Amino acid sequence: MLGSVTSPQNLDERFRESVAALSAPEHRRAADEPVRDGAALTGDRAAALFDAQLTARHLDLAARWLRSFGEGWHTVGSAGHEGDAAVAAALRPTDPALLHTRSAGFWCARAAQARPAADPDGDIPDPLTEAARDVLRGVVASAAEPGAGGRRKVFGSAELNVVPTAATDGAHLPRAVGLGWAIGRSGPGDTRWPDDALVVCEFGDAALDRAAAATALATAGRYAHTGEPLPLLLVCADNGWGGAVRTPGGWTEATLRGRPGLRYSWADGCDLVAAYEGAREAADWVREHRRPAVLHLSTVRLLGHDGGDAEAYRPAADIGDDAGRDPLVATARLLVAAGRAEPGDLISRYDEIGWRVRKVAEEVLDEPKIASGADIVAPLAPRRPLRAAKAVTDAAHRALGPGAAARQAAFGGALPEDGGPLDLAQTLHATLADWLVTQPRGLVLGPGVAGRGGEHGVTRGLAGAFPGRVVDTAADASAVAGLALGAGLAGWLPVAEIADLHDTGAQLRGEAAALSWLSTGAWRNPLVVRVPGLAPDQAGTGIDGNAVAVLRDVPGLVVAVPARPADAAPLLRACLTSAAVDGSVCVVVEPAALYRERDLLEPGDGGWLAPYAPPGGWAGAHVPVGRARTYTVGGADDLTIVTFGAGVRLSLRVAARLAAEGYGSRVVDLRWLAPLPVADIVRESAATGRVLVVDETRRSGGAGEGVLAALVDGGYVGAARRIAAADSLVPAGPAARHVLIGEDAITQGARTLLAR
């Protein structure tokens, strides 16, 4: 045996030498007999899983071969983790799975389970060869890759019930918890999966030091504690290394075993029989009890991340210990000991599968790559505005027809359109109620949304009208987002209230908005996130609430800001229909300081209230995603003010005073921060040649930066100024006025422009 693993070639040599040294036993077991005494795994099943393991190993070697001449773009391999092929075998191919970057063994075994066996005449391809083709197309960024279309190498397939994820740090765990929670609470036929399905999620031990994993484990335990069904099997593939750092001995077990509500079990992932039996026992328990469990699977890490010297930073003795646990050698030893194969036959099988994988690698090299930037971004945010508008009309018809009685009951007989004008919070409440009436799969989630009505009471009373569809959650934003993302996959249309936007930025970017991109639209997670935010009132809520930079660089995200009640219902309804029709991920940033505002120009004028439109008026009031609204004040020829949120009210007040002095203004309410209404911005600014950008977010990273960029890109040549909040956190009480925008600053900026 060689002394250490330093390269793929060395790993290959170790396998050959180790298998060649095996001695066949005198007794040979039948193919349908246990592969060893007391095992549930038969000889023929073990041989089939060995093929899956071999395919996974050769995918690692092929990826590094491609990388050696600049044609491979992903070399995070599964060498040492191939025991998770047994996990796939212990599950059903209809169980949804979220995989780790080292899950090639699972992927290959799942493909062999779910796809038909090869036809001897060649009409049906070998499922393992095609599984390898799928992966290698991702490695070389082939446009023919059936999952992400060459955008990224991921394990993802609607056919195989594998949900794609780019996460290596456990960011996919909250979604997995959410999917298990949603499947657990769904009725017969409510999801794309069988009623007794369970969710499996693989992750590495390095994830346990990450906040997302801690949140997911706590959330799963919370629901187990309350007795809610949560059929979730978490599989921690523990190779003892958190990136480049050795995990302290016993830390992974202590972290997992001590989780309340989670059933813990351990299995040796380098022993095919032990891994299969451990996974089968854990999966059967989850399936029967509909409760979460964690399987701690001991693995090894035999190759590094980037195709260089494998684990060059590790001590040679430590490398040698891990190499001695190579799961491929262990399975070969198992098959030889059972008399199911001769050592030479296994080496020949290793070479045969290696030849197939290398041949596929050569074939995918000639496949076309993505041809344009437009092709890359196409799955990010598909827009079908005509279908969205029709969905609003259809919802109105349901509210007037089949849902009329339910609507009367939901509002206690007092329909919102029959009362007086509503404030912003009341309008949002009524819109959510109408949506729940017309959308049977609608779900409202968030801390306290069923009890006290959420952070600001917007959802108060909805839980009584819609039992089981307005659900309190834990307070952590990642937990809320994860539940909503899982619910969206399971066929619900979730609306999640999240008080702290910044705690869920990673979920929105890497999990929510990326899913369609990673699957070329095959997977969607329709989602609307409601965020009470922007500049706070004098109570000082949210010292960071006026920052939206976390949203501005998330490709494909829809961001709406309803400034006043007249726009709140159409904008929220547009987001809800966009989520339902296009699978969009939408964030509705609600100006918390305006929830209960009533007046515009004078105390008692009621100018900030608005009547609620009955269902017959919904279609006429529909606002397409990305369209601004312009208010003309006076002659409207002298100044354009571009703003949003609380800036709309402040700017209208300033415009009214300027009109009294003979200056006409156009106040443009953006309504959408993503996508920005660029055409509206440029058109309305060019109409006056003077534009004042009023931005209640911060000068650095605020939404106003995007407005100014849109003007430059659109060829605007007039005068421009920007009023924005200071680059500061927001203090409590009257001191907030020193860092936030106000009427005096807007007036001064306007007069400076008008003086030109």
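User: What makes the charges of this protein positive or negative, and how far apart are their mean positions?

Analyst: Lys and Arg count as positive and Asp and Glu as negative, with His and the chain ends not counted. The place of each charge is NZ of Lys, CZ of Arg, CG of Asp or CD of Glu. On that basis the mean positions of the 75 positive and 89 negative charges are 5 Å apart. This is a predicted model, in which local features need pLDDT of at least 70, side-chain atom pairs count only at pLDDT 80 or more, and totals for chains, interfaces and linings use all residues. Residues are numbered from 1 along each chain as its sequence is written, and side-chain values use heavy atoms, with hydrogens and water left out.

User: How do you know that the radius of gyration agrees with a compact globule?

Analyst: The radius is taken over C-alpha atoms, and the globule rule is 2.2 Å times the number of residues to the power 0.38. For 756 residues a compact globule would have a radius near 27 Å; the protein has 29 Å, which agrees. Its C-alpha atoms fill a box of roughly 105 × 55 × 50 Å along the principal axes.

User: Why is G180 called buried?

Analyst: Buried means under 20% relative accessible area, exposed over 50% and partly exposed in between (1.4 Å probe, protein chains only). G180 has 0%, so G180 is buried. G180 lies in helix α6 (residues 173–185), helices being DSSP runs of H or I of at least four residues, numbered from the N terminus. Leaving aside residues up to four places away in sequence, G180 touches V199, P229, L230 and P231, where contact means heavy atoms within 4.5 Å.

User: Why is R57 called buried?

Analyst: The relative accessible area of R57 is 1%, so R57 counts as buried. R57 sits in helix α2 (residues 43–68). Beyond residues up to four places away in sequence, R57 touches L11, A79, G80, E82, L302, D326, P327 and L328.

User: What makes a set of residues a nonpolar core, and which residues have the most contacts inside the largest one?

Analyst: Such a core is a set of buried Ala, Val, Leu, Ile, Met, Phe, Trp, Tyr and Cys residues joined through side-chain atoms within 4.5 Å. The largest has 78 residues, and W181 and L551 have the most contacts inside it. Helix α18 (residues 477–489) gives the most to this core, with eight residues. Apart from it lies another core, of 75 residues, including F50, L54, L128 and V273. In soluble globular proteins, nonpolar side chains tend to be buried together.

Terms used. Helix = DSSP H or I, 4+ residues; strand = E, 2+ residues; numbered from the N terminus.
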